[in-house]
Amino acid sequence: PGLGAGSAGAPVAPGTLLAAGATGAAALVALVAVCAALPLLGSLVRYWRALFFFWTGGRYADAGDRLGLPKFSRAHLYSLAVVPWLMHQPHYRTGTFQEDMLTNLRNVVLPTGVYGVPLSVCARSRVHAVFTALVIIPCAAFIGAWWRKWHGIEGSAAACFERSLLAPTDWFQLWRLNCRLASMTALATKSADFELEDKWTFIRTCMEKDIPVTPVMDLPVTLIAKDVLEEGGMGIHVLKNVLHGGRWILQEKLDNCDAVKRLLPENCPLSTMRVLTGSKGALASLGADAGGSSKAVSLASVWRAGRKGASTDHSCVMVNVPNGRASDVLGTASTSAHWYARGWKSFGMPVSTADGSISAHPDTGLELRGQRLPGAAAAATLCERAHDTLMPGVPLAGWDVAFCPPKKDGGEPELVLLEANLSCNFFRGSIAWEEYSTFLDQHFAAIDEWRRRQ
């Protein structure tokens, strides 16, 4: 029979040809997917094996030998496996860890380049959390690995996939890892240091301990703010001062110092530096040995260069300070804006970007890499001192530091702390990986032993 004819020479129905074509196309897509997935299968099996090891009662102390995982990988995978249990445990700043997840993930999306679905859907129940760990994370890692390979960001999709599952370096997974560490440490130690997440408790304690912090206004007792046009009482806001029994911290607006202003466009917000410090002070409360000094150390420093016309530096490019402990020199910058593009705002945005892909401020074109930010190293030292003084029982703290005009002409910028974030992220900065990995390993080993004693 000729083309389009059956075995008896009768014409083949167009629907049959269409179905056959669709089946062939689906088979081809499946074949391509299998070929793409095969080099990645070993990493996926190791990832699933680690989760089920911990879900079936495996000890953290045995994970290194049984699973062949280095300390950072076992810390990450242990904390991820603990999420279904942790979700219903009390949280230091909200009712439960699940409530904290729902709150903090509602404005964060998984970048798709099409439509941004809030990641809070992954925290709706324990079933959602398990499904996320088993399916969503591997699927996102698979797509992301090949996307980065095709766009020249990665040399190997297999290596990227393995890293994303077993030893992630992306800001989001590190943030969630730090959140889990904070929540479990607070749960185990019941340390009052976690109360300093409250902004007023933080400011008051800084003033008592002689740590430089943003000043507060004693007067007015009550501030009335009115919209210039709204009527009928709709545009009025009554703000009672926290110093007089209210809930509002009243402060004058801080300004960037001249050294910071020269790096920024006009009409720019206060642009702060995030310093992330780690302390081993909680290990004693967990019944573990710190193995040396428990003094806080800075693990990363990132300066948030605000965007023109923005009200806060949440709209910024995140400029790495690669040697933040000892140097004021800036490195390259990154952005995570595509992670916050909800709904159709994600359309056309990248699925992934490379760390350090920005070297100049997008509003001015000024090359930021190699510029000096006076006071950057001093800010890291200040944050280490603040961690030791204020909250040694908190494992990680992300400090927001403002660079204000100097008190004396020609002096260094006046450094003041705005707040501390105890479930903090690295803002895509350079991380002291060996110290961070050891730090995580010690804490999760101690936490696992604490859980087994309960």
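**Entry 1. Confidence**

pLDDT is the predictor's confidence in each residue, from 0 to 100. Where pLDDT is low, the predicted coordinates should not be read in detail. I noted that the protein averages a pLDDT of 91, and that 92% of the residues score at least 70.

This is a predicted model, in which local features need pLDDT of at least 70 and side-chain atom pairs count only at pLDDT 80 or more, while totals for chains, interfaces and linings use all residues. Residues are numbered from 1 along each chain as its sequence is written, and side-chain values use heavy atoms, with hydrogens and water left out.

**Entry 2. Whole chain**

I looked up 13 helices and eight strands in the protein. Helices (H or I, at least four residues) and strands (E, at least two) are DSSP runs, numbered from the N terminus. The C-alpha trace spans about 95 × 60 × 50 Å along its principal axes. Of the 454 residues, 48% are buried. I use buried for under 20% relative accessible area, exposed for over 50%, and partly exposed for in between (1.4 Å probe, protein chains only). Of the contacts with a separation of 6 or more, 67% are between residues 24 or more positions apart.

**Entry 3. Helices α7 and α8**

Two packed helices are described by the angle between their axes and the distance between the axes. For α7 (residues 126–150) and α8 (residues 157–166) I have an angle of about 145° and axes 8 Å apart. Axes are lines fitted to C-alpha atoms, for helices over the stretch in contact, and angles run from 0 to 180 degrees between N-to-C directions. From α7 the contact takes in Ile137, Pro138, Ala141, Phe142, Ala145, Trp146, Arg148 and Lys149. From α8 it takes in Ala157, Cys160, Phe161, Arg163, Ser164 and Leu165. I sorted the residues of this contact into ten nonpolar, one polar and three charged. Here Ala, Val, Leu, Ile, Met, Phe, Trp, Tyr, Cys and Pro count as nonpolar, Asp, Glu, Lys and Arg as charged, and the others, Gly among them, as polar.

I checked the length of α12 (residues 376–390): its 15 residues should span 21 Å at 1.5 Å a residue, and its end C-alpha atoms are 21 Å apart, which agrees. The expected span is 1.5 Å times one less than the number of residues. The buried residues of α12 include Ala376, Leu382, Cys383, His387 and Leu390. Those buried residues pack against α10 (199–208), β3 (273–278), β4 (297–306), β7 (396–404) and β8 (414–421).

Pro212 is in the loop between α10 and β1. Not counting residues up to four places away in sequence, Pro212 touches Leu382, Arg385, Leu415, Val416 and Leu417. I have Pro212 as partly exposed because its relative accessible area is 28%. From Pro212 to Asp441 I read 32 Å, C-alpha to C-alpha, across 229 residues in sequence. Pro220 is also placed in the loop between α10 and β1 (222–226). The peptide bond from Leu219 to Pro220 is cis, with omega near 5°.

Phe427 counts as buried because its relative accessibility is 15%. Arg428 counts as buried too, at 12%.

For α13 (residues 433–453), the 21 residues should span 30 Å, and the end C-alpha atoms are 30 Å apart, which agrees. Among the buried residues of α13 are Tyr436, Ser437, Phe439, Asp441, His443 and Trp450. I looked at Ser437 of α13 and found a relative accessible area of 8%, so Ser437 is buried. Leaving aside neighbours within four places in sequence, Ser437 is in contact with Lys71 and Phe72.

**Entry 4. Gly246**

Gly246 lies in the loop between β2 (236–240) and α11 (258–261). Its relative accessibility is 16%, so Gly246 counts as buried. Leaving aside neighbours within four places in sequence, Gly246 is in contact with Lys240 and Asn241. The C-alpha atoms of Gly246 and Val114 are separated by 44 Å, and the two are 132 residues apart along the chain.

Key: Contact = heavy atoms within 4.5 Å.
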